[in-house]
Number of protein chains: 2
Amino acid sequence: MKHDFSMSLDQAMTTQRAIRRVTDEPIEDALLLEIIHLGTKAPNSMNAQKWEFIIVRDETVKQQLGKMNSGMWKLARPSLAKKAEKDPGFAKVFKATDWGVEHFVDYPAMIVACYKGGRLGWPVLQAASNYGSVFPAIQNMMLAARAVGLGTNLATMPLWNNRKARKILGVPASHTPCVMITLGWPQGGYGPTTRKPVGDVVSLDRYGNRPWQGKEVDEIGG
Amino acid sequence: MKHDFSMSLDQAMTTQRAIRRVTDEPIEDALLLEIIHLGTKAPNSMNAQKWEFIIVRDETVKQQLGKMNSGMWKLARPSLAKKAEKDPGFAKVFKATDWGVEHFVDYPAMIVACYKGGRLGWPVLQAASNYGSVFPAIQNMMLAARAVGLGTNLATMPLWNNRKARKILGVPASHTPCVMITLGWPQGGYGPTTRKPVGDVVSLDRYGNRPWQGKEVDEIGG
């Protein structure tokens with residue numbers, strides 16, 4: 001491959017964050033295809049590779065997806081705005097999302113991931129397997145983008161109306177648009193993210209049995 | 001962190017594969033917690049961190065999950081066996097799955113990921129966002145495990161009956177078991193995986209518009 005994806009795994013992971021503010025510098029096709037290639041290396045159910053990816057650069061397609069995105073955001077926004085007033089940490093995420101919705105069409109490229117199947121949530125027993133055959137590939141792509149300094153942001157709102165999304169993207173009934181990422185060269189930088197201590201989200205054997213409660217990863221003996 | 005997760009991103013991704021045949025060598029708690037810690041660095045909707053992870057080591061819990069796994073496999077197996085007879089590539093995946101189902105309780109550790117919400121597929125509009133708040137973390141964990149030479153395999157079958165899975169794992173109605181990975185030190189090695197050429201799964205702007213059809217990543221000019 002032509003680009004350098006050799007960043008160490010832990011550096012890529014610990015500095016990955018949603019990047020919404022990007023420049024208007026273009027992204028070449030070859031880079032996008034290398035990122036998608038690394039995406040397809042992700043595990044997927046029975047290696048059936050039930051995925052298709054659409055690179056979106058066309059202004060009209062972006063505008064149509066952007067309209068769905070802002071429509072959905074208008075519905076979700078009021079209750080989240082209240083939360084943002086009380087929680088300064090959340091206010092940052094909220095403001096950045098606002099910005100991203102407003103500037104949706106300005107991202108130089110987007111990648112839409114489609115599941116090869118008519119319905120993601122059906123049969124119910126296979127829903128996790130269906131989603132699990134798409135999202136690991138998407139996470140690979142976001143990490144690969146991070147390794148070359150490209151910013152990404154995961155978005156599901158632009159696809160919430162699957163019927164419309166299918167029409168905009170020309171996706172046949174045999175496939176289902178699932179999730180998309182926006183891509184662009186960051187205006188700012190990548191950096192560390194804020195997460196709860198690992199000990200607070202891990203149980204042993206049964207939910208709620210928390211031997212490491214309150215402990216950060218470096219406080220846990222090896 | 002105590003373990004070395006500095007493998008280059010592209011090496012980790014291009015050599016990641018499902019590892020089902022593992023040794024009985026134990027995995028220390030600290031390593032599992034470091035892997036989960038890197039999992040929690042994954043992007044998730046609005047950084048709400050709607051996840052909980054259960055490390056499973058207990059024999060009884062493993063047996064109960066294993067029973068659900070083999071029950072589901074019995075249902076899926078006959079039609080897949082027919083496919084395996086005709087497709088030698090698929091036969092390998094099929095045989096390995098068979099082996100994994102039979103030896104389920106022998107994995108030294110498992111990690112079950114729960115979504116913080118009563119139903120993953122509800123509301124339907126948020127289903128992709130819900131699953132998308134769990135699977136990127138799981139993919140981070142599988143890559144992190146690969147970086148330290150630990151084998152993983154993603155499994156949804158042991159959790160297909162959510163009511164039973166909740167009971168076995170003591171998960172309250174406020175959370176939903178979503179997906180799990182088995183972990184163990186590989187009997188064999190990691191290695192490259194087989195995927196379609198990237199040009200065959202990528203469209204430009206509209207589904208089916210394939211400027212790179214038939215092309216492998218290295219045949220696409222930069």
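Predicted model: local features only at pLDDT ≥ 70, side-chain atom pairs only at ≥ 80, totals over all residues.
**Relation of the two chains**

Chain B is superposed on chain A by a rotation of 180° with 0.0 Å of shift along its axis, at an RMSD of 0.0 Å. That is the relation of a two-fold axis. The same surface serves both copies, in that 100% of the contact residues of chain B recur in chain A.

**The surface between the chains**

In the contact between the chains, 81 residues of chain B are paired with 81 residues of chain A. On the side of chain B that touches chain A, at least two residues each are supplied by the helices α1 (9-15), α2 (29-39), α5 (127-131) and α6, and likewise by the strands β1 (51-56), β4 (176-184) and β5 (202-204). Of these elements, α6(B) gives the most to that side, with 8 residues. Sorted by class, the residues of the side of chain B that touches chain A comprise 48 nonpolar, 20 polar and 13 charged.

Helix α6 (residues 135-147) of chain A meets helix α6 (residues 135-147) of chain B, and their axes come within 8 Å and cross at roughly 70°. Because angles of 65 to 115 degrees count as roughly perpendicular, α6(A) is described as roughly perpendicular to α6(B). The crossing of these two helices, α6(A) and α6(B), is right-handed. From α6(A) the contact draws on Phe135(A), Pro136(A), Gln139(A) and Asn140(A), while α6(B) contributes Phe135(B), Pro136(B), Gln139(B) and Asn140(B). The contact of α6(A) with α6(B) therefore holds 4 nonpolar and 4 polar residues, with no charged residues, when Phe and Pro count as nonpolar.

**Helix packing within chain A**

Helix α6(A) also packs within its own chain, against helix α2 (residues 29-39) of chain A, at an angle of about 135° and with the two axes 7 Å apart. That angle makes α2(A) oblique to α6(A), and the crossing of α2(A) and α6(A) is right-handed. On the α2(A) side the residues are Ile35(A), Ile36(A), Leu38(A) and Gly39(A), and these meet Ala137(A), Ile138(A), Asn140(A), Met141(A), Ala144(A) and Ala145(A) in α6(A).

| α6(A) with α6(B) | 4 residues | 4 residues | no residues |

**Domains of chain A**

The domain assignment of chain A gives domain 1, covering 9-191, and domain 2, covering 197-222. Taken over C-alpha atoms, the centres of domain 1 of chain A and domain 2 of chain A are separated by 31 Å.

Terms used. Residues numbered from 1 in each chain as written. Chains lettered and ligands numbered in written order. Axes fitted to C-alpha atoms, helices over the stretch in contact; angles between N-to-C directions. Helix = DSSP H or I, 4+ residues; strand = E, 2+ residues; numbered from the N terminus. Parallel < 35°, antiparallel > 145°, perpendicular 65-115°, else oblique. Left-handed = near helix turned anticlockwise from the far one by under 90°. Contact = placed C-beta atoms within 7 Å. Domains from an automatic or database assignment. Least-squares fit on C-alpha atoms with pLDDT ≥ 70 in both.
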